Amino acid sequence: MPIAGSIPIGPTHGPLFFRTFADLDAWAADQKNKLEGVLPFIPRNEPSDSSAGNKGKILVCHDYKGGYVESPFSFSYTFNFWSACDTFIYFSHQRVTVPPPGWVNAAHRQGVKMLGVLIFENSDGQDDLLRLFTGPVPPTFTEGEPPSKIIARSAKANITTSQFPFSSHYARVLADLAYQRGFDGYLMNFEWFLFGGAVQARALAAWVSLLREELWKKVGPHAEVVWYDSVTIDGNLSWQDRLNAQNLPYFLSSTGFFSNYTWPTSYPNLMAQYFHSINPTLLTSTIPAPVLPTPSSLHSLTQQDVFVGVDVWGRGTYGGGGFGTHLALEIVSPDSLGMSAAIFAPGWTWETRENDIGRTWEKWWDEEVTLWAGAVPGFNLNKTLQQARWRRGRAVEGKGQSAGLDDTYKAIGEFFLKRIPPDPQVFSFLTNFSPGVGRAWFVEGEKVWNGVSGGTTSSWTDGWEDIEKQTSIGDLVWPVPQVVWNQDAGGSEPAGTILPASSVKMNMADAWNGGTSLALTLSEPASATGASGTRFVWVPIQSLSLTPVVEYVATAVYKSGTIATGVTVEVGIDLKKLVSSDTITMNITRDAPQQVASGWTSLQAHAKVTLSGSSGRPAALALGLTFKITGGTTSGTDLISLSLGQMSVFVAPVSDPDLGWVTTPLWADFTPNLSAKHEKEVEVEAIDNFNGVLTWAALTSLLPDTSPTHQITGSEDPVPAWKETPADGSWIDQYAYWNIYAQVITTPTAMVALTEKPTDAVWIGTSGVEYGGDVGKVGRFMILGKNLPVNAPTGDSSTLRFFVQGVTARGEVTQWDNVVWVDAALSN
């Protein structure tokens, strides 16, 4: 969560990770309730293209500096191209890696699964590797000996030529952990030999299947266990660089296979051939029913569950990694061959040039966009491709690999299907185009906080970082927005003119809500002669999947920048079909644009879609902006620039005059000096004299029934006196986050109803699942006195007033007449 100050707040949801199984057992002995505030995984709607199921998928394993390096007070690597990704692994070198809840939310918001890691990679893990099979050893059995000796002795005593004992204990505990923290499974990284050889290897494969079953039961049938190419069936550590008989049992016990990345160019094709030689009956497993009498279902492994490893650092990878990653993906061939890819350590774009003189976040972003979405205009691809060809040559030396492939650059995302976020009927779609970092914080266009230190000590990483605040960056605008004629508005190419050119950038200097907006520019192309007529054009911003017949509301908030002299521009909002072959009927009504705060303009439309012959299949659509441009200018000159601050799509509220409700913040409270003595889940370091926890809650109220639906005729009347509320709970507003403010009150007076933010109220942060979260549906925010950007006077009458202002999942900000507040006395 972005917070003012410079003192980090420790996580309140338990250990970030577990170094040993002993640590994990300590957690299991005192398990917490399921972490609130973590979004559930909602699968994306299947693409309308029936051949999509035969195309490869992408798994991203981030491995950024060993993990857990994010700070709320500085930039670091963030992953933003979720539309290209199916599964994301938050990687570290701890025994058990637990994905931070902010990362889980960022992935789930986009329909991506988030996995943790179970790893054994050196001699330090021998004790735990044995303990995996035996379960925890009671202290009374150690008799003063180290646990490793007891475990080894008891395990080896039971080894025969045909059996090896193993316990289901850690399969259950790891599944409990995934359920409690809200993530979706694990990568199995066993990079250490098994002393029991083939007998222990067989037991390990069986244990992996136990973990898979426990995850299916506790997390859900979508849960994943991905096996990394490491230990073989004889118990040796021997990377095969492919799926084969040496690791097949592990694959059959899991849900996916992640090959090592030093493969020769012939291996992806060999893997495809080998997969199709496997007896199909071996590829199917039964997913246990979570609750009887719910029927069981089947899980079938497919070729797309085989992920060919590609290291972006280029360590032995064909193509040399970096901007040569596309050369490896040409061999993997997700489209024609149908193999999937596991992209390892994409933080390469950040780490390799982090200390360069003159480095900026914007330069990194151009490289990141180029790697994932396509070459950014002006980016020097020739230099990077020359470096990639050199690395490729080094990578293939002595391996008999061919270097004679097409060198045409392609971004990673160009090899895979673009995936659409979950249906807004399930998750309201809201984006303020945040990459998870920013240099300031804005509320309805007002800059309420500057997060850059400035001065001679400023760094290119100055600012805030909060992965949970990350939203879609607009999956249809990078690297260059597409501009097409808006034929629905009668748009066609006027005589003597061509379409405007376009460009887009991240803008951290101005925003509507949060810290970022999209800076979109339309200009006359260099070859244009200008136009005196009117051009109707359309710029798609974001892909969406909508359910037919359901009525949705789409909104956008933008601020006009410069408009060329003699040119007039009208901006609108629209939804259009994404798949040209779909037969779609759109019913759209648009409200008049509304001028809102700080020079921003709000657009809104109601939309209902019908998809011919869909049998209920969702419709793939693009959400975007329309432009009516009258007049022109000289070639190469900007026509219009604007900042797009927010877009949202959600199910239209029930339009029934007899059934209304409102959700508003109800109360706020402050408990000073909260410590571990008061609540085990929270640990707040006592840095200053004024520390504690701010809590609040919002409740929904039914509006007065001014005209009763039905006047009952007597006690036997079977018709209810009023209409029932929707059973799905859609009438209860959900909140994306809460803004927190503080105000010093020197002379306490009776609080009067507010109409706007008090001039001396200072923003101090936002809520977040990482540092406080919800407990029992009650919001929490940790207060550290050292972080408060206010001057606290002394005196008996001094009071600190905290305000709590909600931002709904639709992007609506609670107005100040409904903001809740609480007073806390300042100690002398």
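**Entry 1: Pro334**

I located Pro334 in the loop between helix 9 (325–332) and strand 12 (340–344); helices (H or I, at least four residues) and strands (E, at least two) are DSSP runs, numbered from the N terminus. The model is predicted, with local features needing pLDDT of at least 70 and side-chain atom pairs counting only at pLDDT 80 or more, while totals for chains, interfaces and linings use all residues. Residues are numbered from 1 along each chain as its sequence is written, and side-chain values use heavy atoms, with hydrogens and water left out.

I then listed the contacts (heavy atoms within 4.5 Å). Leaving aside neighbours within four places in sequence, Pro334 touches Asn54, Lys55, Gly56, Leu329, Met339, Phe415 and Phe416. Of these, I checked Lys55: its C-alpha lies 5.6 Å from that of Pro334, although the two are 279 residues apart in sequence.

I checked the length of helix 6 (residues 197–218): its 22 residues should span 32 Å at 1.5 Å a residue, and the end C-alpha atoms are 31 Å apart, which agrees. The expected span is 1.5 Å times one less than the number of residues. After helix 6 comes Gly220, with a positive phi near 135°.

I next examined helix 5 (residues 169–181), whose axis comes within 8 Å of that of helix 6 and crosses it at roughly 35°. Axes are lines fitted to C-alpha atoms, for helices over the stretch in contact, and angles run from 0 to 180 degrees between N-to-C directions. Helix 5 contributes residues including Tyr170, Leu174 and Tyr179 to the contact, and helix 6 contributes residues including Trp207, Leu211 and Lys218.

I traced an open sheet of four strands in the order 18-21-27-23, with antiparallel pairing; two strands pair if DSSP finds at least two bridges between them. Strand 18 (484–485) and strand 23 (568–577) are the edge strands, each pairing on one side only.

How many bridges join strand 21 (residues 534–546) to strand 27 (residues 619–630)? I found twelve, the two strands running antiparallel. Among the partners, Ser543 is bridged to Ala622, and Pro540 stands opposite Gly624. Strand 23 pairs with strand 27 over ten bridges, also in the antiparallel sense, and there Leu575 has Leu623 as its bridge partner. Strand 27 is mostly covered, with ten of its twelve residues buried.

Technical notes:
Buried < 20%, exposed > 50% of the residue type's maximum accessible area, 1.4 Å probe, protein only.
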